[in-house]
Each structure stands twice: as C-alpha cells, then as structure tokens.
Amino acid sequence: MPKKIKVCGMCDAQNISDAIFAGANIIGLSFCPNSVRYVKQLSTKTGIMPDICSLDCNKKVNLAQIIKDKEIELCGVFADDMPQTIVSRVVNFNLDIVQLSGSESPVMIDNFRRTICTDIRPNIKIIKTIRVASKSDFKQCADYEGHVDYFLFDAKSNKADDDKKRFSWNLLNSYNGSTPFFLSGSIGEHDVKAIHSLKHSLCIGINVNSQFETAPALKDIVKLRGFINKLCRLE
C-alpha cells in the first residue's frame with residue numbers, strides 16, 4: 001500500500017492540525033492565484049498561516065511545533081509561477097516539497113533546483129504533475145526523468161488543483177519509468193480496496209482533496225480519519 005497520504009488544498013490552521021492527527025503526513029498548500037484554495041502570504045510568527053490553533057483539548061498549540069513533532073512535510077503547489085516567487089514561498093512557509101502543476105520545463109526545474117539547493121533549501125523535493133487520460137500521456141514522463149523526485153499522476157483538467165475527475169488506474173500499467181509517483185484524481189472513501197489492489201511498485205503515496213471537503217480548503221476530518229483508518233486496517 002502507498003505509505004504517504006498527502007492532503008492537498010488546505011489553508012486553515014485548525015483544519016490542518018486536525019488532518020495531521022487524523023493521519024495525514026503531507027500537507028499541500030496551493031499557491032495558484034486562481035485557485036479557490038489559494039494560500040495568501042501572511043505575516044505570522046511561524047511564517048505559515050495563523051500560528052496558534054486550538055486542539056480538542058482546548059490547549060493553545062503552535063502549528064509549526066505540531067508539524068515539527070509529527071515530522072509532517074509541507075508541499076507547496078504552483079503552476080507556471082516565477083522561480084523567484086516559488087523560492088520566496090519555500091522560505092516563508094518552510095516548504096519541504098514543491099509541486100509543479102503547470103507546463104514547467106526540465107530546464108526551468110534544473111535552474112530552480114540549482115538556486116534553491118545551494119544554501120536555501122538543500123534537501124527540497126520536487127513533484128511534477130502529469131495529467132493522464134490515455135497511455136500516450138505517460139510519454140512526457142521521459143523528459144522529466146532525473147530532473148524531479150516524484151510524479152503526481154492526475155486526471156486532465158482545466159484547473160491546476162481540480163481533482164474532481166478521475167482517470168482509469170489500469171493505465172498505470174503503461175508507466176515504465178523509474179521515478180516514484182503519487183496517485184491523485186478524485187480519490188475518496190470508496191477507493192480503499194482499489195488502492196490496496198494497486199500493484200505498481202513505484203506508487204509511494206496518494207493525494208486527496210475535493211472528495212473530503214465540506215467547503216473549499218476545509219476538510220471533513222471525520223471522513224478523512226475514517227478513510228485513513230480503513231487503509232491502515234487493510235494493510
């Protein structure tokens with residue numbers, strides 16, 4: 001079973017902390033300006049959203065401390081953004097992963113990595129989103145082999161963070177690259193058994209978003225916790 005659970009499209013401190021305690025180990029923040037889940041840059045003590053949130057015990061907790069203690073990775077999602085803008089978000093939000101969901105070229109990615117990996121964020125990981133509708137779409141992966149750390153396979157859509165569609169997971173058999181990948185595209189509670197039946201050895205994680213929302217950027221924690229618990233019980 002994929003070991004990493006990435007909950008994307010989040011921007012509320014309380015909701016993020018609840019998702020972490022529900023079992024998420026990667027939190028996705030959208031920095032795509034046209035997204036309804038867009039995270040605005042705020043001036044806070046931690047550099048990431050409101051730095052104080054209330055847990056169930058009503059104790060005030062620093063969100064950055066929760067992220068550190070739980071060893072949570074923060075992923076910033078961008079689409080055709082300026083490299084300097086991405087660098088600033090990496091620094092201000094202390095991102096561990098950058099997800100590129102536009103038409104970014106391998107040259108742009110290499111230039112960005114050289115800039116960020118010098119002394120800014122040496123261990124940054126890069127995900128390249130690949131939109132899939134047919135077997136031929138996997139051909140574009142070859143251009144990015146050796147340039148990115150992971151792929152994220154999603155359904156084709158007109159919006160960078162819209163995962164309300166799904167592609168046939170049988171198409172994954174056509175991916176013969178060497179780069180590990182996350183699986184995305186309208187994944188919900190009904191997909192637990194299908195996720196466990198995945199046989200591709202390079203699938204290291206799943207990405208969930210809209211199927212667990214009560215409103216844009218707000219996740220249904222009860223639903224999310226139930227989903228993660230079911231995944232764990234079937235391991």
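Over the ring of which residue does the charged end of lysine 128 sit? The ring is that of tyrosine 144, with the charged end of lysine 128 5.5 Å from its centre. A charge is taken to sit over a ring if NZ of Lys or CZ of Arg is within 6 Å of the ring centre and within 35 degrees of the ring normal. Arginine 166 provides another case, its charged end sitting over the ring of tryptophan 169 at 3.8 Å from the centre.

The model is predicted; local features need pLDDT of at least 70, side-chain atom pairs count only at pLDDT 80 or more, and totals for chains, interfaces and linings use all residues. Residues are numbered from 1 along each chain as its sequence is written, and side-chain values use heavy atoms, with hydrogens and water left out.

Threonine 129 is part of strand β7, which spans residues 125-132; helices (H or I, at least four residues) and strands (E, at least two) are DSSP runs numbered from the N terminus. The relative accessible area of threonine 129 is 4%, so the residue is buried (buried, under 20% relative accessible area; exposed, over 50%; partly exposed, in between; 1.4 Å probe, protein chains only). Its side chain makes polar contacts with the side chains of glutamine 99, at 3.1 Å, and serine 101, at 2.8 Å. A polar contact is a pair of N or O atoms within 3.5 Å; within protein, one must be able to donate a hydrogen and the other to accept it, and residues adjacent in sequence count only if both atoms are side-chain atoms. With neighbours within four places in sequence left aside, threonine 129 is in contact (heavy atoms within 4.5 Å) with Gln99, Leu100, Ser101, Leu152 and Asp154.

The whole structure holds 11 aromatic pairs, in which the ring centres of Phe, Tyr or Trp (its six-membered ring) lie within 6.5 Å; planes under 30 degrees apart count as stacked, over 60 as edge-to-face and the rest as tilted. Phenylalanine 138 and tyrosine 175 form a tilted pair, 6.1 Å centre to centre with 40° between the planes. The two residues are 37 residues apart, phenylalanine 138 in the loop between β7 and α5 (141-144) and tyrosine 175 in the loop between β8 (150-155) and β9 (181-183). Phenylalanine 138 is buried at 7% relative accessibility, and tyrosine 175 is buried at 4%. Tyrosine 175 also forms an edge-to-face pair with phenylalanine 153, at 5.1 Å centre to centre and 70° between the planes. Because phenylalanine 153 lies in strand β8 and tyrosine 175 in the loop between β8 and β9, this pair ties together parts 22 residues apart in sequence. Phenylalanine 153 is buried, with a relative accessible area of 0%. Ring pairs join Phe138, Phe151, Phe153, Tyr175 and Phe181 into a cluster.
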